[in-house]
Amino acid sequence: MPPEARPPLSALLAVEMHGPVALVRLARPEKRNALNEEMVEALGAFFAAPPAEARAAVLAGNGAHFSAGLDLADISAQDATAGVFHSRLWHQSFRHIAEGRLPVIAALHGAVIGGGLELAAACHIRVAERSAYYALPEGQRGIFVGGGGSVRLPRLIGLARMTDMMLTGRVFSAEEGQAIGISNYLAEPDAGLALALDLAAKIASNAPLTNFAVLQALPRIAESDRESGFLAESLMAAIAAADQEAKSRLAAFLEGRAAKIGRASPT
Ligand code: 1HE
(Lines give C-alpha, C1' and ligand atoms only; values in the text may rest on other atoms or scores of the structure.)
Protein backbone atom coordinates (compact mmCIF):
# COMPACT_ATOMS: atom_id res chain seq x y z
CA MET A 1 0.00 0.00 0.00
CA PRO A 2 1.50 3.42 -0.86
CA PRO A 3 2.31 5.35 2.33
CA GLU A 4 -0.27 8.06 1.65
CA ALA A 5 -2.98 5.36 1.50
CA ARG A 6 -2.00 3.90 4.87
CA PRO A 7 -3.74 5.06 8.00
CA PRO A 8 -1.21 6.82 10.25
CA LEU A 9 0.17 4.49 12.91
CA SER A 10 0.04 7.25 15.48
CA ALA A 11 -0.32 11.01 15.52
CA LEU A 12 2.95 10.95 17.47
CA LEU A 13 4.93 9.45 14.58
CA ALA A 14 5.12 11.36 11.30
CA VAL A 15 6.20 9.47 8.17
CA GLU A 16 6.96 10.91 4.76
CA MET A 17 8.69 9.37 1.76
CA HIS A 18 11.68 11.05 0.10
CA GLY A 19 11.96 8.80 -2.96
CA PRO A 20 13.11 5.42 -1.60
CA VAL A 21 13.91 6.89 1.84
CA ALA A 22 11.30 6.88 4.61
CA LEU A 23 11.69 9.84 6.94
CA VAL A 24 10.20 8.89 10.31
CA ARG A 25 9.88 11.65 12.90
CA LEU A 26 9.08 11.48 16.57
CA ALA A 27 6.30 14.06 16.71
CA ARG A 28 5.76 14.90 20.35
CA PRO A 29 7.92 18.01 20.74
CA GLU A 30 5.81 19.47 23.54
CA LYS A 31 7.02 16.54 25.68
CA ARG A 32 10.52 16.63 24.13
CA ASN A 33 9.67 13.43 22.24
CA ALA A 34 9.47 11.44 25.47
CA LEU A 35 8.62 7.93 24.32
CA ASN A 36 5.29 6.61 25.55
CA GLU A 37 3.91 3.16 24.75
CA GLU A 38 1.94 4.45 21.78
CA MET A 39 5.13 5.77 20.15
CA VAL A 40 7.18 2.67 20.91
CA GLU A 41 4.42 0.47 19.47
CA ALA A 42 4.08 2.68 16.39
CA LEU A 43 7.85 2.56 15.78
CA GLY A 44 7.74 -1.23 15.98
CA ALA A 45 4.73 -1.44 13.67
CA PHE A 46 6.34 0.84 11.08
CA PHE A 47 9.68 -0.93 10.96
CA ALA A 48 8.07 -4.40 11.07
CA ALA A 49 6.25 -3.64 7.81
CA PRO A 50 7.79 -0.63 6.06
CA PRO A 51 6.31 0.55 2.74
CA ALA A 52 7.40 -1.75 -0.09
CA GLU A 53 9.13 1.09 -1.96
CA ALA A 54 11.28 2.08 1.06
CA ARG A 55 14.93 1.03 0.80
CA ALA A 56 16.33 2.99 3.77
CA ALA A 57 15.03 5.16 6.59
CA VAL A 58 15.98 8.22 8.60
CA LEU A 59 14.71 8.56 12.16
CA ALA A 60 14.60 12.10 13.55
CA GLY A 61 12.85 14.12 16.21
CA ASN A 62 10.58 17.15 15.82
CA GLY A 63 11.36 20.25 17.89
CA ALA A 64 14.57 21.08 19.73
CA HIS A 65 15.44 17.53 20.87
CA PHE A 66 15.73 14.05 19.44
CA SER A 67 14.20 12.43 22.53
CA ALA A 68 14.05 12.90 26.31
CA GLY A 69 13.78 9.11 26.67
CA LEU A 70 11.12 7.06 28.35
CA ASP A 71 7.93 8.91 29.21
CA LEU A 72 8.44 8.76 32.95
CA ALA A 73 4.67 9.02 33.48
CA ASP A 74 4.33 5.57 31.88
CA ILE A 75 6.17 3.80 34.68
CA SER A 76 5.52 5.93 37.72
CA ALA A 77 2.75 3.62 39.00
CA GLN A 78 4.07 0.39 37.51
CA ASP A 79 4.72 -2.83 39.45
CA ALA A 80 7.52 -5.27 38.58
CA THR A 81 5.31 -7.46 36.38
CA ALA A 82 4.08 -4.54 34.30
CA GLY A 83 7.66 -3.26 34.20
CA VAL A 84 9.11 -6.37 32.64
CA PHE A 85 6.39 -6.47 29.95
CA HIS A 86 6.89 -2.76 29.29
CA SER A 87 10.60 -3.31 28.75
CA ARG A 88 9.91 -6.31 26.52
CA LEU A 89 7.64 -4.14 24.36
CA TRP A 90 10.57 -1.79 23.80
CA HIS A 91 12.83 -4.73 22.94
CA GLN A 92 10.34 -6.09 20.44
CA SER A 93 9.84 -2.72 18.75
CA PHE A 94 13.52 -1.81 18.62
CA ARG A 95 14.34 -5.25 17.22
CA HIS A 96 12.24 -4.32 14.19
CA ILE A 97 14.55 -1.32 13.73
CA ALA A 98 17.85 -3.07 14.41
CA GLU A 99 17.04 -6.32 12.63
CA GLY A 100 14.41 -5.21 10.15
CA ARG A 101 14.57 -4.80 6.41
CA LEU A 102 15.66 -1.15 6.26
CA PRO A 103 19.02 0.39 7.04
CA VAL A 104 18.10 3.15 9.52
CA ILE A 105 20.03 6.36 10.13
CA ALA A 106 19.30 8.30 13.30
CA ALA A 107 19.53 12.08 12.87
CA LEU A 108 20.30 13.37 16.36
CA HIS A 109 20.08 16.83 17.87
CA GLY A 110 19.49 18.25 21.34
CA ALA A 111 18.74 15.77 24.11
CA VAL A 112 19.43 12.13 23.30
CA ILE A 113 18.67 10.83 26.74
CA GLY A 114 17.93 7.46 28.34
CA GLY A 115 15.54 5.57 26.09
CA GLY A 116 16.27 8.12 23.35
CA LEU A 117 19.89 6.99 23.37
CA GLU A 118 18.73 3.36 23.41
CA LEU A 119 16.60 4.11 20.35
CA ALA A 120 19.54 5.78 18.60
CA ALA A 121 21.70 2.76 19.43
CA ALA A 122 19.18 0.45 17.74
CA CYS A 123 19.72 2.35 14.46
CA HIS A 124 22.54 1.38 12.11
CA ILE A 125 24.21 4.77 11.64
CA ARG A 126 24.02 7.95 13.70
CA VAL A 127 24.43 11.52 12.46
CA ALA A 128 24.66 14.11 15.25
CA GLU A 129 24.34 17.87 15.06
CA ARG A 130 26.59 19.84 17.41
CA SER A 131 23.61 20.52 19.68
CA ALA A 132 23.30 16.82 20.52
CA TYR A 133 24.12 15.59 24.00
CA TYR A 134 23.90 12.16 25.57
CA ALA A 135 22.99 11.01 29.05
CA LEU A 136 21.64 8.00 30.92
CA PRO A 137 19.92 9.58 33.94
CA GLU A 138 18.35 6.28 34.97
CA GLY A 139 20.63 6.32 38.04
CA GLN A 140 19.19 9.67 39.16
CA ARG A 141 15.64 8.43 38.53
CA GLY A 142 16.12 5.17 40.47
CA ILE A 143 15.53 2.96 37.44
CA PHE A 144 17.58 1.00 34.88
CA VAL A 145 17.81 1.00 31.11
CA GLY A 146 15.02 -1.11 29.63
CA GLY A 147 15.13 -0.50 25.88
CA GLY A 148 18.08 -2.72 25.02
CA GLY A 149 20.68 -0.20 26.19
CA SER A 150 22.64 -2.62 28.36
CA VAL A 151 23.07 -4.89 25.35
CA ARG A 152 23.71 -2.33 22.61
CA LEU A 153 25.49 0.55 24.33
CA PRO A 154 28.47 -1.39 25.75
CA ARG A 155 29.06 -2.68 22.22
CA LEU A 156 28.93 0.87 20.88
CA ILE A 157 30.89 2.85 23.48
CA GLY A 158 32.30 0.24 25.87
CA LEU A 159 31.09 -1.02 29.22
CA ALA A 160 33.28 1.36 31.23
CA ARG A 161 31.81 4.48 29.58
CA MET A 162 28.25 3.28 30.00
CA THR A 163 28.95 2.44 33.65
CA ASP A 164 30.31 5.97 34.17
CA MET A 165 27.25 7.54 32.48
CA MET A 166 24.84 5.53 34.63
CA LEU A 167 26.64 5.85 37.96
CA THR A 168 27.71 9.50 37.80
CA GLY A 169 25.11 10.98 35.45
CA ARG A 170 27.91 12.03 33.10
CA VAL A 171 26.70 13.93 30.04
CA PHE A 172 28.65 13.65 26.79
CA SER A 173 28.65 16.49 24.27
CA ALA A 174 28.19 15.90 20.53
CA GLU A 175 31.95 16.21 20.02
CA GLU A 176 32.64 13.71 22.81
CA GLY A 177 29.96 11.43 21.42
CA GLN A 178 31.68 11.52 18.05
CA ALA A 179 35.05 10.71 19.63
CA ILE A 180 33.73 7.71 21.59
CA GLY A 181 31.69 6.27 18.74
CA ILE A 182 28.10 7.22 19.54
CA SER A 183 27.81 9.14 16.28
CA ASN A 184 29.38 8.23 12.96
CA TYR A 185 29.04 11.76 11.54
CA LEU A 186 29.07 15.19 13.16
CA ALA A 187 27.00 17.87 11.41
CA GLU A 188 26.72 21.63 11.80
CA PRO A 189 23.50 23.09 13.28
CA ASP A 190 20.45 22.32 11.10
CA ALA A 191 22.56 20.25 8.69
CA GLY A 192 22.10 16.84 10.29
CA LEU A 193 18.83 15.85 8.68
CA ALA A 194 20.03 16.75 5.18
CA LEU A 195 23.22 14.74 5.71
CA ALA A 196 21.23 11.78 7.04
CA LEU A 197 18.88 11.91 4.04
CA ASP A 198 21.87 12.07 1.65
CA LEU A 199 23.49 9.06 3.30
CA ALA A 200 20.19 7.17 3.26
CA ALA A 201 19.78 7.88 -0.46
CA LYS A 202 23.26 6.44 -1.07
CA ILE A 203 22.43 3.37 0.97
CA ALA A 204 19.17 2.96 -0.95
CA SER A 205 21.16 2.78 -4.18
CA ASN A 206 23.26 -0.18 -2.97
CA ALA A 207 22.50 -3.69 -4.15
CA PRO A 208 19.67 -4.97 -1.93
CA LEU A 209 21.58 -8.16 -1.16
CA THR A 210 24.61 -6.20 0.05
CA ASN A 211 22.40 -4.18 2.40
CA PHE A 212 20.81 -7.42 3.56
CA ALA A 213 24.24 -8.93 4.24
CA VAL A 214 25.39 -5.87 6.20
CA LEU A 215 22.22 -5.73 8.31
CA GLN A 216 21.58 -9.44 8.82
CA ALA A 217 24.84 -11.35 8.33
CA LEU A 218 27.47 -8.92 9.61
CA PRO A 219 26.16 -8.43 13.18
CA ARG A 220 25.62 -12.17 13.59
CA ILE A 221 29.08 -12.97 12.26
CA ALA A 222 30.62 -10.34 14.53
CA GLU A 223 28.98 -11.99 17.56
CA SER A 224 29.71 -15.59 16.60
CA ASP A 225 32.81 -17.70 17.12
CA ARG A 226 35.60 -17.15 14.58
CA GLU A 227 35.28 -20.37 12.62
CA SER A 228 31.48 -20.09 12.28
CA GLY A 229 32.02 -16.47 11.30
CA PHE A 230 34.51 -17.29 8.56
CA LEU A 231 32.19 -19.93 7.14
CA ALA A 232 29.11 -17.66 7.25
CA GLU A 233 31.15 -14.91 5.59
CA SER A 234 32.18 -17.19 2.71
CA LEU A 235 28.61 -18.30 2.17
CA MET A 236 27.26 -14.75 2.26
CA ALA A 237 30.05 -13.52 -0.05
CA ALA A 238 29.36 -16.26 -2.57
CA ILE A 239 25.61 -15.64 -2.55
CA ALA A 240 26.05 -11.87 -2.93
CA ALA A 241 28.55 -12.19 -5.80
CA ALA A 242 26.31 -14.66 -7.63
CA ASP A 243 23.40 -12.20 -7.65
CA GLN A 244 22.55 -10.50 -10.93
CA GLU A 245 22.86 -7.10 -9.31
CA ALA A 246 26.51 -7.85 -8.45
CA LYS A 247 27.16 -9.18 -11.94
CA SER A 248 25.99 -5.99 -13.62
CA ARG A 249 27.83 -3.74 -11.11
CA LEU A 250 31.09 -5.68 -11.53
CA ALA A 251 30.75 -5.56 -15.32
CA ALA A 252 30.16 -1.80 -15.16
CA PHE A 253 33.43 -1.34 -13.26
CA LEU A 254 35.44 -3.65 -15.49
CA GLU A 255 34.14 -1.84 -18.58
CA GLY A 256 35.08 1.55 -17.08
CA ARG A 257 31.46 2.68 -16.58
CA ALA A 258 31.45 2.79 -12.77
CA ALA A 259 32.47 5.64 -10.48
CA LYS A 260 35.95 5.34 -8.96
CA ILE A 261 36.43 5.57 -5.22
CA GLY A 262 37.53 9.04 -4.16
CA ARG A 263 39.18 10.02 -0.91
CA ALA A 264 36.69 12.57 0.40
CA SER A 265 33.80 11.51 2.57
CA PRO A 266 31.36 13.77 4.40
CA THR A 267 32.76 15.06 7.74
C1 1HE B 1 8.80 14.50 29.99
C2 1HE B 1 10.04 13.87 29.81
C3 1HE B 1 10.11 12.48 30.11
C4 1HE B 1 10.28 15.95 29.30
N5 1HE B 1 9.01 11.87 30.52
N6 1HE B 1 7.72 13.84 30.41
N7 1HE B 1 14.49 10.97 30.81
C8 1HE B 1 14.87 11.97 31.60
O9 1HE B 1 15.09 11.81 32.78
C10 1HE B 1 14.96 13.31 30.94
C11 1HE B 1 13.89 14.23 31.50
N12 1HE B 1 13.75 15.47 30.71
C13 1HE B 1 14.60 16.50 30.85
O14 1HE B 1 15.63 16.46 31.52
C15 1HE B 1 14.21 17.76 30.13
O16 1HE B 1 12.82 17.70 29.84
C17 1HE B 1 14.98 18.02 28.81
C18 1HE B 1 16.44 18.36 29.14
C19 1HE B 1 14.93 16.84 27.87
C20 1HE B 1 14.33 19.22 28.06
O21 1HE B 1 14.24 20.33 28.95
P22 1HE B 1 13.24 21.53 28.58
O23 1HE B 1 13.45 22.59 29.62
O24 1HE B 1 13.38 21.89 27.16
O25 1HE B 1 11.75 20.91 28.72
P26 1HE B 1 10.89 20.60 30.04
O27 1HE B 1 10.20 21.85 30.49
O28 1HE B 1 11.71 19.89 31.06
O29 1HE B 1 9.85 19.54 29.49
C30 1HE B 1 8.77 19.93 28.65
C31 1HE B 1 7.63 18.96 28.96
O32 1HE B 1 8.03 17.64 28.60
C33 1HE B 1 7.29 18.90 30.44
O34 1HE B 1 5.92 18.61 30.55
P35 1HE B 1 4.83 19.78 30.85
O36 1HE B 1 3.53 19.07 30.82
O37 1HE B 1 5.22 20.33 32.19
O38 1HE B 1 5.01 20.79 29.74
C39 1HE B 1 8.07 17.71 30.92
O40 1HE B 1 7.53 17.10 32.07
C41 1HE B 1 7.93 16.78 29.73
N42 1HE B 1 8.98 15.79 29.68
N43 1HE B 1 10.94 14.80 29.39
C44 1HE B 1 7.85 12.54 30.66
N45 1HE B 1 11.25 11.79 29.93
C46 1HE B 1 13.15 1.95 28.39
S47 1HE B 1 13.85 2.49 29.80
C48 1HE B 1 14.50 4.07 29.48
C49 1HE B 1 14.69 4.82 30.75
C50 1HE B 1 14.84 6.29 30.49
O51 1HE B 1 14.68 6.77 29.41
S52 1HE B 1 15.28 7.23 31.85
C53 1HE B 1 15.49 8.83 31.22
C54 1HE B 1 14.23 9.64 31.26
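1. Helix α3 (residues 115–122) is largely enclosed by the rest of the structure, because eight of its eight residues are buried. Buried means under 20% relative accessible area with a 1.4 Å probe, protein chains only; helices are DSSP runs (H or I, at least four residues), numbered from the N terminus. The buried residues include Glu 118, as well as Leu 117 and Leu 119.

2. The model is predicted: local features need pLDDT of at least 70, side-chain atom pairs count only at pLDDT 80 or more, and totals for chains, interfaces and linings use all residues. Residues are numbered from 1 along each chain as its sequence is written, and side-chain values use heavy atoms, leaving out hydrogens and water.

3. The domain assignment gives domain 1 (4–204) and domain 2 (208–254); such bounds come from an automatic or database assignment. The C-alpha centres of the two domains lie 28 Å apart. Nine residues from domain 1 and six residues from domain 2 take part in the contact (heavy atoms within 4.5 Å).

4. About 570 Å² is buried between domain 1 and domain 2, with carbon and sulfur atoms giving 41% of that area. Buried area is the accessible area (1.4 Å probe) that two parts lose on being put together, summed over both. On the domain 1 side, Arg 55, Glu 99 and Arg 155 lose the most area to domain 2, together 50% of what that side buries.

5. Two salt bridges are counted between domain 1 and domain 2 (a side-chain nitrogen of Lys or Arg within 4 Å of a carboxyl oxygen of Asp or Glu). Glu 99 forms a salt bridge with Arg 220, and their closest N and O atoms are 3.8 Å apart.

Notes: Buried means under 20% relative accessible area, exposed over 50%, partly exposed in between (1.4 Å probe, protein chains only). Helices (H or I, at least four residues) and strands (E, at least two) are DSSP runs, numbered from the N terminus.
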